[in-house]
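Please read the following alongside the sequence and the coordinates, with the viewer open beside the text.

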Amino acid sequence: MKIARLVVDYQNGTIFYCGGGVYDGISSIWNEDDSPFDYLYPVFSMQIVIASFFTSFMKWLLEPLGQTSLTSHVIGGIMAGPSCFGRTDLFSTKLFLPNSMYMFDNCQYFGSMFFLFLIGVKTDLHMLTRSGKKAWFIGFCVFIVPLFFNLSASQLLDKSIKLDNKLADYIHNFAAMMSLSSFHVIACFLDDLQLLSSELGRLAMSASMISGILSWCLAFVCFTIITSLEAKRPHALMLIILACCAMFLCIIFVLRPIMFWIIRNTPNDKNVKEVYVFSIFVMVLLSSLCGEVIGSHFLLGPMVLGMAVPAGPPLGAAIEEKLEFFVKYILLPTFVVACGFRVNIFEVNLEDFIILELIVVVSFIGKLLGTMLPALYCRMPYQDAFLLGLIMNVQGILDLMFWACALGLGLITDTLYTILVLSMLIVTGTISPTVKYLYNPSRRYITYKRRSIQNCKRNVEFRILACIYHDENVPTILDVLGASHPTAYSPICIYVLHLIQLQGRASPLLVAHKSRKISSQFNSSSHIINAFKSYEKQGGGTISVNSFTAISPYTTMHDDICSIASERRSSLIILPFHHNPAFSSSLHLPTSIRKVNQNVLKRAPCSVGLLVDRGHPQRTQISCNITDKIKPTYRVAVIFLGGADDREALSYGARMGEDNNVKLTLFRFSYNNQDEKSNNPTYHDPDYSLDNDCIEDFRRYNEGLENVVYREEEVKDSVEIVTVITSIEYTFDLLIVGKDHDGNSSELLRALEEWNEFPELGVIGDMLSSPDSRCNGSILVVQQQPTSDLILDSPTKYHFGELA
């Protein structure tokens, strides 16, 4: 199809476009009489390419500076508009002619429609019932305080300053627009800064949900009133409201039950059928058409329909999987670029800009005070209250959509729209790096008392946080816990955390399962929790289990793990290793799980154990027979080379060795070159003395016990270490080894580091878990809690079998 050309009728004073016909031939650069830019589809393709390029390029450029993807997209859109490259001949006369924009506009309309539908899908309205009084108080104040401040400021400016006629007519609308807030904008902002699962992020999500819904209601009422006034029919407002209510009822009582029927007919661990997802997309189009026909906006129906979709898997996750990439990276950039084309900084009057920026400042102060005052009243720390106020000032894509709707309805002018967008960039662009610099979620994990197995007193409860990524992690973890020797004077408290990837919703969720009956929303966690509850019953009062489910993105999943470990004062976190040769799942991405484990190792408030399951089919299941009088022997080996991590591994192994049904073997590797020993300062290092003290205490306490064996292996180099380990690796059900090693051992293993595929396992752990290893048991790689300058207590030694 050839692009229509501009024709001006000077007699009638009208402008119209005369379109070309549809040609069978193909235009190309080789045709002398034709140019590809005279045809619609080549131009449209270039418009999509330019939109995606500018937004992606600006994201790549600004992301290292702490800017969110939102800011990058908007700046990219402005760059393609008349404020920058849109002023060049190539853009204005070839690529973005007014008469070539109708297909591009249709594309951005579809982009905004499906984007709002996705927002609705990710909006979990159950958050309103789960939000506490603090979130409700903050959310309401964030809505009402800036609205009152802005309208009062606009009224004061209108009366005290002689404004331009156009500015005076629209300044109140401008003030109201700046006071609105959006839940999804806050969610995207927190996701970009990886703060979704933080304590501050969860409060911001709850508060923004409340203020956002109030803002949407206000915008809906205002837009409906304006639309009814344009209709020029009696009772138009009442008819539009009744029609909207009828559409809402149809979505709730007709379409939503269909969605639940789809979920019931989708088997567990199976994907939703394509025909069902296609039917949902048809519903989106019909709801948009219905909203336009009844006199409302075409975006209203898709948003409400999205809210009606049951949150999370399987349906919400399937919709997100099908739409997310295409909408976010193809359709949404077209909307942003279309918004950028309406921004023309050369048409902004400096005096008007200064006046309106006063309202922007008032709006910023109003949201800041509306957040900080109720937060401080609820005894929130001052810095957190200030940062929460900054977060609630963020604006984004949804605000652009509101402003575009207001521009179409004549509530604001092009100049005011430009100032709104520029103000958004200034405010959000300043807040992003500020919050990223000032707020560190891991600071609340810093402890003033060392939490490790070595420092755990023998007459207190031993607390373990067991993390589960999928069902296959459960048997191996239960084996390790069953060997941990719970007793009446030293019971074990297990915190079970089932980790689920966030899909089909925007807000993360952390649920404590206190009641016996588990909600149907957490069916995937029920059998995991039941397995640990059964294990608790077999413990005879020496074991207690507390279960949690965390639904969050992999990028912030470590926050949930570390926060529970810190709040529950755990001494050990057990993490399943991301690679399991005996199991693979499309629901859990190994690389993502590996990143979670690495983040936990960096920030953990206690010791961490990475558990590698070699998938041996005949491994001993002592956890299933904990109450039996005759239990099978569980063979455990501790490989000790030296260092804090090895001492921690020995402490855990020593606890297991107190159980008569566990056969414990300690392999101590020592350097046998006497000449180098005497000249090596490492040999006289205090850490080396701690190793010797720990070994001597272990040998003294376990002397004469038949189930505990001590072997000392003298080695000269790394080759001999490998030889010894490979000779014993296949004879044990569990091998415990420290992650890092100090002193001579570190020097001996340096030659093996270049072969280390997974550094988080250390050299020995990586060697045991490699495909070439004959190890057919499990491997537990232990890292002691890292030393911090803020930890005030001095390290103490492990009390082998004694009451401290």
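What follows describes a predicted model, beginning with the chain as a whole.

The chain holds 27 helices and 13 strands, and of its 804 residues, 55% are buried. Among the contacts with a separation of 6 or more, 82% are made by residues 24 or more positions apart. The accessible surface of the chain amounts to about 36,400 Å², and carbon and sulfur atoms account for 59% of that area.

The interior is the next topic. In soluble globular proteins, nonpolar side chains tend to be buried together. In this model the largest nonpolar core has 139 residues, and Ile319, Leu400 and Trp403 are the residues with the most contacts inside it. Helix α13, which spans residues 315–341, gives the most to this core, contributing 12 residues. Because domain 1 (39–238 + 325–438) and domain 2 (447–611) both give residues to this core, the core lies between them. To see how one of its residues is placed, select Ile319: leaving aside residues up to four places away in sequence, Ile319 touches Phe117, Leu118, Val121, Ile280, Phe281 and Val309. A second, separate core has 50 residues, including Ile561, Ala604, Ala637 and Ile725.

From the cores we turn to a strand.

The cysteines can be taken up next. A disulfide is a covalent bond between the sulfur atoms of two cysteines. A search of the whole structure finds 0 disulfides.

The remaining residues lie in loops. Asp164 is placed in the loop between α6 (133–160) and α7 (165–179), and at 42% relative accessibility Asp164 counts as partly exposed. Although Asp164 and Glu351 are 187 residues apart in sequence, their C-alpha atoms are 10.0 Å apart in space.

Backbone geometry gives another reason to inspect the loops. Most residues other than glycine have a negative phi, and most peptide bonds are trans. Arg379, in the loop between α14 (350–377) and α15 (382–391), has a positive phi near 65 degrees, and at 80% relative accessibility Arg379 counts as exposed. Arg569, in the loop between α20 (557–567) and β7 (572–576), likewise has a positive phi, near 55 degrees, while its relative accessible area of 47% makes Arg569 partly exposed.

Definitions and conventions: Residues are numbered from 1 along each chain as its sequence is written. This is a predicted model: local features need pLDDT of at least 70, side-chain atom pairs count only at pLDDT 80 or more; totals for chains, interfaces and linings use all residues. Side-chain values use heavy atoms; hydrogens and water are left out. A nonpolar core is a set of buried Ala, Val, Leu, Ile, Met, Phe, Trp, Tyr and Cys residues joined through side-chain atoms within 4.5 Å. Buried means under 20% relative accessible area, exposed over 50%, partly exposed in between (1.4 Å probe, protein chains only). Helices (H or I, at least four residues) and strands (E, at least two) are DSSP runs, numbered from the N terminus. Domain bounds come from an automatic or database domain assignment. Contact means heavy atoms within 4.5 Å. A disulfide is a pair of cysteine sulfur atoms within 2.5 Å. Accessible areas come from the Shrake-Rupley method with a 1.4 Å probe; for residues, only the protein chains shown count as cover.
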